[in-house]
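Please have the sequence and the coordinates open as I go.

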Amino acid sequence: MRRFGWWAASLLALSVGCDDGDDGGATPADASGPALDGATGGEDMGGAPDAAPGDAAVQADAGDPGAEQMALALAAARSVERARLESAIEFVGQPRATNTPHWQAVQDRCATAFEEAGLTVERHAYGTGTNVIGVKRGTSRPDEYVLIGAHYDSVPNCPGADDNASGVAGVLEAARILGPGDHARSLMLACWDEEERGLIGAEHFVARALTEGTAIVAHFNLESVGHYDTTPGSQTLPEGFEFVFPAEIGALNDRGSPGDFLALIGDAELNPGATADVVALAGPLELEVVALPVVAELRTLGPIRRSDHAPFWDAGYPSIFMTATAEYRNQHYHCYGGTDDAVDFPFLTKVVGATVGAALLQLDARTDVPPAPMGTVIPPPAPACDLTAGLCDGGHCVLAAGDDGWTSARCLPLVPGATGAEGEQCTRPDGLVGIDDCAEGLICAFWGQPAGDPQARTCHAYCREGGDCGQDEVCVAIGNANHGGGCAPGCDPMDPQACGEGLLCSRVGSWLPLGVGYICNFGGEKARGEACVSFDCAAGLDCKNVNGVGAQCMARCRPSEGGCPPDSRCVEDVAEGAPDDFGHCYPSR
């Protein structure tokens with residue numbers, strides 16, 4: 001899952017302005033044996049009881065085909081096997097950054113599982129990565145697709161059991177249960193690539209789907225669905241959520257804010273029935289869910305865009321972001337402060353069960369889905385040129401914001417007199433990122449310059465990942481660009497004299513393959529333990545999420561030396577790009 005910083009201002013601004021089909025009946029079958037005419041998985045479902053005769057979700061009579069389909073969906077949900085999820089996560093849950101050996105092994109595992117389930121498999125190679133897509137054509141509405149997907153890449157040097165081996169395990173189990181059966185609509189399963197680099201694999205798929213006119217009527221995006229904690233206060237939230245979703249967050253707070261639920265962040269207009277199906281199945285499965293309906297005006301907010309559902313929303317496709325909320329519950333998200341190697345299997349089994357059952361209801365066309373209003377939201381553009389090459393047809397390849405609101409690599413005319421060399425002072429004639437007087441392959445930025453002088457910018461080289469920069473430089477993402485940034489001089493976060501006057505050695509996040517890094521940048525004045533966002537903290541502190549508390553300013557430390565206050569412990573930072581023998585003083589628990 002991609003990491004984002006603060007979005008409270010946008011959330012608060014938006015909160016002020018917000019005051020049956022007859023084609024179904026198909027029965028999926030597991031090739032290895034479980035039948036769905038009463039099969040249950042009470043033990044596998046983590047202790048969830050079998051359906052009682054009077055259960056409204058499964059009570060069926062001969063004159064109610066809807067209830068019959070719901071009974072089949074619940075049986076499918078209860079055929080999920082915990083042991084298979086455990087086996088999948090044991091295999092998948094090793095570091096698998098894109099284009100590494102285990103990344104290839106997991107890609108192969110997805111393809112094999114889809115093939116064994118009877119799906120036609122495509123390895124969708126788009127240049128920098130590869131999606132694995134499996135399709136089983138529908139019987140009566142084959143041009144309508146129901147999609148279950150999860151990204152299979154991880155951040156470098158992190159096993160990513162929760163993020164996102166848990167989601168991949170769910171997709172593999174969905175293939176086993178749903179693949180062998182016949183359905184009215186077409187089944188599509190996907191293992192997305194390069195989510196951690198900026199949703200790149202999903203973006204490429206969606207761009208192709210739009211071009212080909214593919215009708216996706218439901219998309220279930222499984223993202224970090226394995227972490228579970230019943231401790232009161234173990235669930236934190238993005239700042240401002242209580243203003244946008246007051247009823248839902250109020251109910252969660254009334255329960256003491258435990259991290260014991262699946263969040264369903266689904267579009268409220270395109271196909272709300274898919275979310276309703278998950279909710280309907282969650283009850284008999286004893287799965288706690290918090291459904292957050294998202295209207296069009298909210299789909300651009302960072303905290304709810306941070307996985308592969310976002311490109312689908314941008315294209316007008318219905319999609320549900322299904323998550324256990326990553327770092328808002330899992331304090332070792334992206335291996336910060338520890339290792340992301342733990343999954344709660346009873347919880348995951350219920351999550352996958354609810355997903356499989358809801359997908360079956362959508363596959364068998366229980367309800368009609370109106371055609372998606374394609375193009376009502378503009379998707380992020382693909383890079384139009386190679387930033388590191390510099391020149392392009394008719395001009396200069398730069399990162400620039402367009403009329404669509406996205407920052408991307410664009411080919412624009414050279415600014416007259418644009419000859420500034422790397423390290424030379426530069427200006428932005430129109431005040432816009434990318435429109436500057438630096439020579440080709442360079443961007444004008446203020447990194448390493450005092451905040452007091454708006455003209456004190458210098459030319460920096462463009463980059464697409466850390467390897468494009470010099471040995472002591474960091475590739476820093478710019479704006480909402482998914483595909484590029486600029487090289488900035490790094491600094492030693494343990495050296496109080498690392499930066500000049502008015503600057504602090506500040507952490508930059510893992511938007512690009514580098515992971516994390518430290519550059520001289522503007523800083524704040526907040527003290528240790530104070531709530532923070534982004535670059536709020538004073539010298540020697542970083543804004544880090546603390547499970548059950550939220551984001552707060554945390555002191556830096558060296559694990560070999562300790563040196564933390566008595567109420568905390570020094571935990572090594574194992575994120576890619578973090579300095580050796582470096583960590584943060586996490587509160588003792």
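This is a predicted model: local features need pLDDT of at least 70, side-chain atom pairs count only at pLDDT 80 or more; totals for chains, interfaces and linings use all residues.

Let me begin with a question: how many bridges join strand β14 (residues 457-463) to β16, and do the two run parallel or antiparallel? There are two bridges, and the strands run antiparallel; I call two strands paired if DSSP finds at least two bridges between them.

Residues are numbered from 1 along each chain as its sequence is written, and side-chain values use heavy atoms, with hydrogens and water left out.

The protein chain has eleven helices and 22 strands, where helices (H or I, at least four residues) and strands (E, at least two) are DSSP runs numbered from the N terminus. Of its 589 residues, 56% count as buried, and buried here means under 20% relative accessible area, with exposed being over 50% and partly exposed in between, for a 1.4 Å probe and protein chains only.

Now to a sheet of eight strands, which is open, mixed in its pairing, and ordered β1-β2-β4-β3-β5-β8-β6-β7. At its edges stand β1 (120-125) and β7 (289-294), each with a single partner strand, so one side of each is left without a neighbour in the sheet. From one strand to the next the twist averages 20°. Within this sheet, β3 (residues 141-151) and β5 (residues 215-223) pair in the parallel sense over six bridges, and Val 146 stands opposite Ala 218 in β5.

Helix α4 (residues 101-116) touches β1, β2 (130-136) and β4, and its direction makes about 5° with that of β2. Helix α11 (residues 345-363) touches β3, β4, β5, β6 (262-267) and β8 (320-323), and its direction makes about 180° with that of β5; axes are lines fitted to C-alpha atoms, for helices over the stretch in contact, and angles run from 0 to 180 degrees between N-to-C directions.

Helix α11 also packs against α3 (residues 82-92), at an angle of about 105° and with the axes 10 Å apart. That makes α3 roughly perpendicular to α11, a label that covers 65 to 115 degrees, whereas angles under 35 count as roughly parallel, over 145 as roughly antiparallel, and the rest as oblique. The residues making this contact include Leu 85 and Ile 89 of α3, and Phe 345 and Val 352 of α11.

I will finish with Ser 186, which lies in strand β4 (residues 185-192) and is buried, with a relative accessible area of 0%. A polar atom of its side chain lies 2.6 Å from the backbone oxygen of Pro 142. Leaving aside neighbours within four places in sequence, Ser 186 is in contact with several residues, among them Pro 142, Val 146 and Leu 363.

Notes. A polar contact is a pair of N or O atoms within 3.5 Å; within protein, one must be able to donate a hydrogen and the other to accept it, and residues adjacent in sequence count only if both atoms are side-chain atoms. Contact means heavy atoms within 4.5 Å.
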